[in-house]
Amino acid sequence: MSKATTNVDFRKVDVDQYEEEKYEDDAVVDDGVTGPNDAEVQALIAKGRLADALQTVLSTPPIASKNPAVKDKAAQVVMKVLTAFKAADIDGAIKNLDQNKLDVLMKYIYRGFEMSSEGNGAQLLVWHDKVFAVTGLGSIVRVLTDRRRV
């Protein structure tokens, strides 16, 4: 008999630990981030500094927060910023964002699709198209598979 057939080390791996019912999310600690400051963002929008307003709202997303009111407020502030842009200005704002902020932006775009009672669906589609052109399919896959929501 060969030595390879007597090796039974593979039988010591507990495959049941990978069942979906036993999966536990990584422990996320609520770091107290309350999202973007609405007054600061409104001031930037009023001054016409939309790219800075976009940077501000994407730099402090309340991803770790368990409070849905905080997440809703942050999403509304982001929607104000996104709807303030003209279609021609979107490309310039997107090119200054890094990969993480583009992924957060894509999360907010999908969140905006969920809340599209304000009639901003067409503008969100423009944003989605522009972000997709920069990031490709990878951003969509990362956003849809990430369990942390905005």
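The model is predicted, so local features are taken only at pLDDT of at least 70 and side-chain atom pairs only at pLDDT 80 or more, whereas totals for chains, interfaces and linings use all residues. Residues are numbered from 1 along each chain as its sequence is written, and side-chain values use heavy atoms, with hydrogens and water left out.

Student: What percentage of the residues of the protein count as buried?
Tutor: A residue is buried under 20% relative accessible area, exposed over 50%, and partly exposed in between, using a 1.4 Å probe and protein chains only. The accessible surface, from the Shrake-Rupley method with a 1.4 Å probe, comes to about 9500 Å², of which 53% belongs to carbon and sulfur atoms. Of the 150 residues of the protein, the share that counts as buried is 34%.

Student: Among contacts between residues at least 6 apart in sequence, what percentage join residues at least 24 apart?
Tutor: Contact here means heavy atoms within 4.5 Å. Among the contacts in the protein between residues at least 6 apart in sequence, the share that joins residues at least 24 apart is 76%.

Student: How are helix 1 and helix 2 oriented, roughly parallel or roughly antiparallel?
Tutor: Axes are lines fitted to C-alpha atoms, for helices over the stretch in contact, and angles run from 0 to 180 degrees between N-to-C directions. The axes of helix 1 (residues 38-46) and helix 2 (residues 50-59) come within 8 Å and cross at roughly 160°. Angles under 35 degrees count as roughly parallel, over 145 as roughly antiparallel, 65 to 115 as roughly perpendicular and the rest as oblique, which makes helix 1, relative to helix 2, roughly antiparallel.

Student: Which residues of helix 5 make the contact with helix 2?
Tutor: The axes of helix 2 and helix 5 come within 10 Å and cross at roughly 85°, which makes the two helices roughly perpendicular. On the helix 2 side the contact is made by Leu54, Gln55, Leu58 and Ser59, and on the helix 5 side by Lys101, Val104, Leu105 and Tyr108.

Student: Why do the buried residues of helix 7 line one face of the helix?
Tutor: In helix 7 (residues 137-145), Ser139, Ile140 and Val143 are buried. Taking the directions from the helix axis to the C-beta atoms, these buried residues line one face because they fall within an arc of 100°.

Student: What relative accessible area does Ser139 have?
Tutor: Ser139 lies in helix 7 and touches Leu102, Asp103 and Met106, not counting residues up to four places away in sequence. What covers the buried residues of helix 7 includes helix 5 (99-114) and helix 6. Ser139 is buried, and its relative accessible area is 0%.

Student: Is His128 buried or exposed?
Tutor: His128 lies in helix 6 (residues 121-135) and touches Met106, Ile109, Tyr110, Phe113 and Ile140, not counting residues up to four places away in sequence. Its relative accessibility is 17%, so His128 counts as buried.

Student: What relative accessible area does Phe132 have?
Tutor: Phe132 is found in helix 6 and touches Met106, Leu137 and Ile140, not counting residues up to four places away in sequence. Phe132 is partly exposed, with a relative accessible area of 34%.

How values were computed: Helix = DSSP H or I, 4+ residues; strand = E, 2+ residues; numbered from the N terminus.
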